[in-house]
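Dear colleague,

Here is the structure I promised to pass on.

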Amino acid sequence: MNENHEASLQVDQNGKLKHLITLEGLSRPVIESLLERAERYGQEPLSIRFDPSQSVALLFCEASTRTRMSFSLAAWRLGYPVVNLEPDRSSLAKSETLEDTVSTLEAMGVRYLVLRHSQPGIFKTLIDSPGRTIHCISAGEAHRSHPTQGLLDLLTIRQHFPDLARLSVAIVGDLAHSRVARSTFTALRTFGVSDIRLSAPPELAPHPGDFQGAPNHTLDEALLDVQVVIALRVQTERLTDTPTINPSHYYSQYGLTSERLRRCHPDVRIMHPGPIHPGMELAPELINSRRSLIREQVRNGLPIRMAVYEMLTS
Amino acid sequence: MNENHEASLQVDQNGKLKHLITLEGLSRPVIESLLERAERYGQEPLSIRFDPSQSVALLFCEASTRTRMSFSLAAWRLGYPVVNLEPDRSSLAKSETLEDTVSTLEAMGVRYLVLRHSQPGIFKTLIDSPGRTIHCISAGEAHRSHPTQGLLDLLTIRQHFPDLARLSVAIVGDLAHSRVARSTFTALRTFGVSDIRLSAPPELAPHPGDFQGAPNHTLDEALLDVQVVIALRVQTERLTDTPTINPSHYYSQYGLTSERLRRCHPDVRIMHPGPIHPGMELAPELINSRRSLIREQVRNGLPIRMAVYEMLTS
Amino acid sequence: MNENHEASLQVDQNGKLKHLITLEGLSRPVIESLLERAERYGQEPLSIRFDPSQSVALLFCEASTRTRMSFSLAAWRLGYPVVNLEPDRSSLAKSETLEDTVSTLEAMGVRYLVLRHSQPGIFKTLIDSPGRTIHCISAGEAHRSHPTQGLLDLLTIRQHFPDLARLSVAIVGDLAHSRVARSTFTALRTFGVSDIRLSAPPELAPHPGDFQGAPNHTLDEALLDVQVVIALRVQTERLTDTPTINPSHYYSQYGLTSERLRRCHPDVRIMHPGPIHPGMELAPELINSRRSLIREQVRNGLPIRMAVYEMLTS
């Protein structure tokens, strides 16, 4: 996935995490420590003081509701003020000035920049600058990575299936465009999940070289006896290079239905990063069923993001 | 007004108010208690601590400046962080996904959703869900209701005319589309104001069945000896079903002028929910005159909204 | 510059600064005191408590990233909540209603309004109102003034060249449209800088009567032995009355290059209010060079704005 460069840039010379751009190259103990912090935040009542020295700037150059809310709320939970930069009301969306924007925010004492951007590699230029003091956090980079989603997926799965080495997971759908799939795959691999099965329609199949070591399966093969099925959002906004996907045809071929879940392990759980296209990726009645971990994914997003903020500066 | 369903859904099985969607069905003691809290907030200096556990999400699917500001500032006054959802930057405006958005915010630990929406009945589907923990507050629902405006109008009137049973009030203007008129009417009725006179141009007359028990009057009849005149904003944005209203013609027929106020009680006070179309609903010189309670309405909006936040969780 | 009226309106009858609209007419001791506060904020760790009684409303009717961020962050640093008014989502941009908006915010207890507006003289009508309690702060008024930028420029220059009476400064570029140039010029004059040289292309020359006492020079004359060169942003958005400026032609005639800097004092420093058009006003390699004070300008913006907030209410 050619993220080795970001992977080495996001840590300092002592191995300390300074930015969170990708889960590639992050060691298991580092992630373990993040998950432990997150679980603590999820359980204990916080006694938080307002702390304006730790301000957070959010810049979402692609649409987002839930991720933006989650990063905002996580910051406020820690007492950190949040300022929103509006890409369409300024010239910020242009990649050539983004570096200047980051330096400007840094000079203003902003402590964290949370950035979502459609351009692969955008973070590399931002963090590869001597004396950079702002902490950059990816809230989604093109089709490449979405590290906090990978972490919250891992946390959600581990809370239900602590014995990760014996776990079987299927990731189903738009593997060509899904940054979620890439980050969740990396997180699961780092934690020793060996049986990860991918299944995508031919036109949404992963690019060669992605998801190393994970074979592509028919949907029937992928679902057989798995304990976790992750249905991916069809990234309709990225389908410019693909013929239009017909929702009902997609549903008939790749939609998760109660019928299809019978092939899975009796204790199977389903996940989806949201927002869902109901009746396309998932049967509507499954969304809030006892099989669903979807709300828990959203819930875990908050403590995961709190833990990320805290870890980068501690 | 067919809001009985919302009225029963906004309280829990013990009669405790959990949401504020409509003033229909709210008992006088409940409203009394809200007004008392609001008056306390208006008088005492607050010693407030930052409290990020009580976050507020604002979602305004119709334009608003003053109501949005008032809800924001009221939340901050209580120490609650505010996050803004942008309807046009996400798919949130679509009613089919709004329920999902609410559940998502709930999973993120958001404590209050303040929603303005043009679709009648939208709140019913949102609050009629088992296990709902977020508190929904209407900041305006179609033409139907605007409960915090009704409460602040009631508070403003009562501060000037404590003897509500003997009060005469005229509500003048766009009764067909005014959610303010409906909520203020309900609040005044609950507090025993029996002489409420309505007067609307024929094309903006209230629908049959609305404003039960209040007859429609000519403007001259409506103003005769009243102590309070509420001029309504002509909801130009809702006039799609009506021929265009000519501002100067409207003013000549229904505008409040110093001349027309001579028919009223010598101590008459005028009110307007804002924003005003000056020279249409009201003579410009009246806006800041000694007759005007318009600034007091705005001022009372803040403690009323603080009291609503506090009451829903206490 | 015909700002005498604002200059007298921004102070109360005791000479106390209540608004910050222009640096015209501000005495040296008042500005001195502002700079001293700012320097204190820049050095000491703050122990700040959340203070919702001091809320700030931002209304930017012209695009801005850095100034808006700087005012937001400065407010949060002091513990003051910030609310954003969106000019395009409401009717606020219309000058006829702006006065009403200010009164509304005032009635809601907002303590500061930070306003950027394209209409010259807009602040006069806003602050010239009896009983005005909100404090108005200009974040840029048409081509006329940008007082906090003038203050931060002065602070930045003085930190490097304490002996202002012996300083030579060149201000180069779009003098016709630059509010920065006007405010910085005024600030420097108040602090006794006598040798200020202006140099503009003929089509961007200052209007007669502006920059009193400062002659227009050729670029070569302006740069000769000066210790500070301020390159102005070409206000491309205000060039409606001027033939389009060709960037490379501008650069060849007025761009600051290492070559041209050789005419200056050996210890010359360069400044720019940002955002920069790289390769137009300035050679790209100079932006982060040891000659550049551009980051320090941004850095000083924060404590300057904190000091302004604090001074208006103390």
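Which side chain meets that of A:Glu39 in a salt bridge? The partner is A:Arg158, with 3.9 Å from N to O. A salt bridge here is a side-chain nitrogen of Lys or Arg within 4 Å of a carboxyl oxygen of Asp or Glu. The two residues are 119 apart in chain A, A:Glu39 being in helix 2 (residues 28-43) and A:Arg158 in helix 6 (residues 147-160). Helices (H or I, at least four residues) and strands (E, at least two) are DSSP runs, numbered from the N terminus.

A:Glu39 is partly exposed at 24% relative accessibility, whereas A:Arg158 is buried at 17%. Buried means under 20% relative accessible area, exposed over 50%, and partly exposed in between (1.4 Å probe, protein chains only).

Before the rest, the conventions. This is a predicted model, in which local features need pLDDT of at least 70 and side-chain atom pairs count only at pLDDT 80 or more, while totals for chains, interfaces and linings use all residues. Residues are numbered from 1 along each chain as its sequence is written, chains are lettered from A and ligands numbered from 1 in the order in which they are written, and side-chain values use heavy atoms, with hydrogens and water left out.

Over all chains, the search of the whole structure gives 45 salt bridges. One of the others is in chain B, where the closest N and O atoms of B:Glu6 and B:Arg144 are 3.1 Å apart. B:Glu6 is buried at 2% relative accessibility, and B:Arg144 is buried at 10%. In chain A, a network of salt bridges links A:Glu6, A:Glu141 and A:Arg144.

A further salt bridge joins B:Arg66 and C:Asp100 at 3.3 Å, N to O. This pair crosses between chains, from helix 3 (residues 66-77) of chain B to helix 4 (residues 95-107) of chain C. B:Arg66 is buried at 18% relative accessibility; C:Asp100 is partly exposed at 23%.

Regards
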